[in-house]
Amino acid sequence: MAEGVAERPVAAQAQFARRATGFVRDIRVRDAVIFNVLPACPGLVLALSMFWVLSTFTGVSLYLAIVITIACAFLISGAFGLLSQIMPRSGGDYILISRSLHPALAIGSSILIGTSAMLAMGYWGVFTANICIGPMLTMFGVSVGSHWLQNAGVTLTHHPWNMIIGFVEVAILAGIMASGTRRMMRVQLWLFVAASAGLVVAAIMLLVTSHGGFVGDFNSYAHPFTHQANTYNYFLAQAKAGGTNVHAPTNLHNTIIASGAFIAFGVWTWYSVNYAGEIRQAGTRRNWYSMLGGLALTFIPILVMVLLLEKTVGYPFLTAVNAVSGNAKVYTLPNQPWWITLVSMTANNGVFVAFMGLTFVCWAPLIVYTQIVQPVRALFAWAFDQVIPEKIATVNERTHTPVFSLGLIAVASIFFLYLAAYSSSFLKYVALSTIVGFPTFIMIGISAIVFPYRRRGSYEPSVSNIKFLGLPLLVYFGAGSIAAGIFGGWLWLKYPLLGLPNAGKSIGNQLFTSPLNGGLALVATGLIAGAIIYYVGRAWRRTQGIDIALNYLEIPPE
């Protein structure tokens, strides 16, 4: 637990790197709502994750799995939101846990979430070419009959081109972020509006297209590649021959397991806490409401698209086409069967395909940008508390942005981009990046439970001082966040189908192994590293006559 519970007066803030962070509250609540959608960019999630589970988990109910995820996201974002309103400072989980439990745990949590962010930065950076630019160029080439464009699209999905595109993307985004948060918010808004416009048009196309009309359009598009008169039924037959049950009844057990895949991307609607010190009205209930708004904007479009795809395309075919898409002898279409591909087939002309492709590509920089934010703001917060050198907390006086740490993370991204482009095991690392989030959700839950009692001086005058049946609302959301963290972690550690290495084996096998071969080993490594960094930093500062433990008895200055 934190060392002491008394809160020091503001006038005693001499231990921090400076008396002010240098940040400016340039982020509107609207921008925070959009930012909370971006870790689960609906367009990309629909393309990569949603219908993969149909062919992986027999009898899965997408709707029930989504509802389970929404419940978990609501509980976790409630704990984050109510705590963040009391401590509206940039630094995310580090700020909240360090002032509630212990700074060593907080740094460990930051390391775990930061590991997840850096791996995701590499994954999505490379996949900007692999699933966005390359395939969309190929799709456009098909629509206008250009073999050169089709081949160029394929070329861009191979290394080193995918890695180069990923790094250029990271560098441009870091440059925009360094030039000013307000400018980055404008770019965020424009990209989000453009990407969302593509989803809206796709929804309209699916709504006005009948099932029979889609089957005819699909068969016409696919015939030159499959040489089948009825590719729709051909894929259904091939999937059945391969052992896929395309008409399986709902299986509750498999649905619960599959919800782990949805939880992996869908419970990050609290992510704006990383920006809390730069959000207007972050100390009001609008902070938490921005997370609830992000939750709604994430899942309403996903649910609508799932309903429309079921109506127009059909669950059995979605299951079948995803099942056969990995068989190169059967699936000979130029693009994977993502929603963007299926919708574009309904009106296969160059203008429509170009519009859909460009709007789809807009999701990529948005999801990469969110991954940059967390490690940058976490390192800033550590340095501001003087655990690590103050240089990392440097903020440009003109742009009010942490230019040094942005550059540091941009350079560090090269390793993760290389890993994503060249490693055959990178998807294993992506699975590992999922498990490291669950300990943070548990620690945030514990923080929410203890904060009203350990830090009454900060809790009682805050807008988060809400009671229900005699207990602080924070306690209920804290318990819910703990339950959601345990539930999600249990699913990933128990069921190998979700992709985590050594999942399903004994605790010993998952703990006493390499951090890259066991989720528990990676979690333990992150927490141990956090303790080492804190205690080494504290010993170093003591040689300078500074006791950084005193910092954690108060909320940092703005």
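The legends below describe close-up views of a predicted model. Local features need pLDDT of at least 70 and side-chain atom pairs count only at pLDDT 80 or more, while totals for chains, interfaces and linings use all residues. Residues are numbered from 1 along each chain as its sequence is written, and side-chain values use heavy atoms, with hydrogens and water left out.

**Figure 1. Leu44 in helix α2.**
Leu44 belongs to helix α2, residues 42-50. Helices (H or I, at least four residues) are DSSP runs numbered from the N terminus. The relative accessible area of Leu44 is 0%, so Leu44 is buried (buried means under 20% relative accessible area, exposed over 50%, partly exposed in between, with a 1.4 Å probe and protein chains only). Apart from neighbours within four places in sequence, Leu44 is in contact with Trp124, Ile131, Cys132, Phe360, Trp363, Ala364 and Ile367 (contact means heavy atoms within 4.5 Å). The C-alpha atoms of Leu44 and Trp124 lie 9.9 Å apart, although 80 residues separate the two in sequence. Helix α2 is largely enclosed by the rest of the structure, because 7 of its 9 residues are buried. These are Pro42, Gly43, Leu44, Val45, Leu46, Ala47 and Met50.

**Figure 2. Leu96 in helix α5.**
Leu96 sits in helix α5, residues 93-98. Its relative accessibility is 2%, so Leu96 counts as buried. Not counting residues up to four places away in sequence, Leu96 touches Phe80, Leu83, Ser84, Met87, Ile444 and Ser447. Between the C-alpha atoms of Leu96 and Arg541 the separation is 22 Å, with the two residues 445 apart along the chain.

**Figure 3. Packing of helices α8 and α9.**
Two packed helices are described by the angle between their axes and the distance between the axes. For α8 (residues 161-179) and α9 (residues 181-208), the angle is about 130° and the axes are 5 Å apart. Axes are lines fitted to C-alpha atoms, for helices over the stretch in contact, and angles run from 0 to 180 degrees between N-to-C directions. The two helices, α8 and α9, are therefore oblique to each other (angles under 35 degrees count as roughly parallel, over 145 as roughly antiparallel, 65 to 115 as roughly perpendicular and the rest as oblique). Leu173, Ile176, Met177 and Ser179 of α8 make the contact with Thr181, Arg183, Met184 and Val187 of α9. By class, the residues of this contact are 5 nonpolar, 2 polar and 1 charged (Ala, Val, Leu, Ile, Met, Phe, Trp, Tyr, Cys and Pro count as nonpolar, Asp, Glu, Lys and Arg as charged, and the others, Gly among them, as polar).

**Figure 4. The second largest pocket.**
The second largest pocket holds about 230 Å³ of space. On a 1 Å grid over the protein atoms alone, a pocket is an open set of points with protein on both sides within 12 Å along at least five of seven lines, a cavity is a set where a 1.4 Å probe fits but cannot get out, and lining residues have an atom within 4 Å of a point. Grid points are joined across faces, edges and corners, and a volume is the space filled by probe spheres set on the points. Helices α6 (103-144), α17 (363-384) and α18 (403-422) each supply at least two lining residues. Among the lining residues are Ser110, Met118, Gln374, Trp382 and Ile409. The lining has 8 nonpolar, 4 polar and no charged residues.

**Figure 5. The largest cavity.**
The structure holds 4 cavities of 30 Å³ or more, and the largest has a volume of about 110 Å³. Of the 13 residues lining the largest cavity, Thr21, Arg89, Ser90, Phe380 and Pro557 are the closest to its centre. Helix α17 gives the most to this lining, with 3 residues. The lining of the largest cavity divides into 7 nonpolar, 3 polar and 3 charged residues.

The His159 to Pro160 peptide bond is cis, with omega near 10°, and Pro160 lies in the loop between α7 (147-156) and α8. His227, not a glycine, has a positive phi of about 55°. His227 lies in the loop between α10 (211-226) and α11 (231-241) and counts as exposed at 62% relative accessibility. In the loop between α17 and α18 is His400, whose phi is also positive, near 60°. With a relative accessible area of 28%, His400 is partly exposed.
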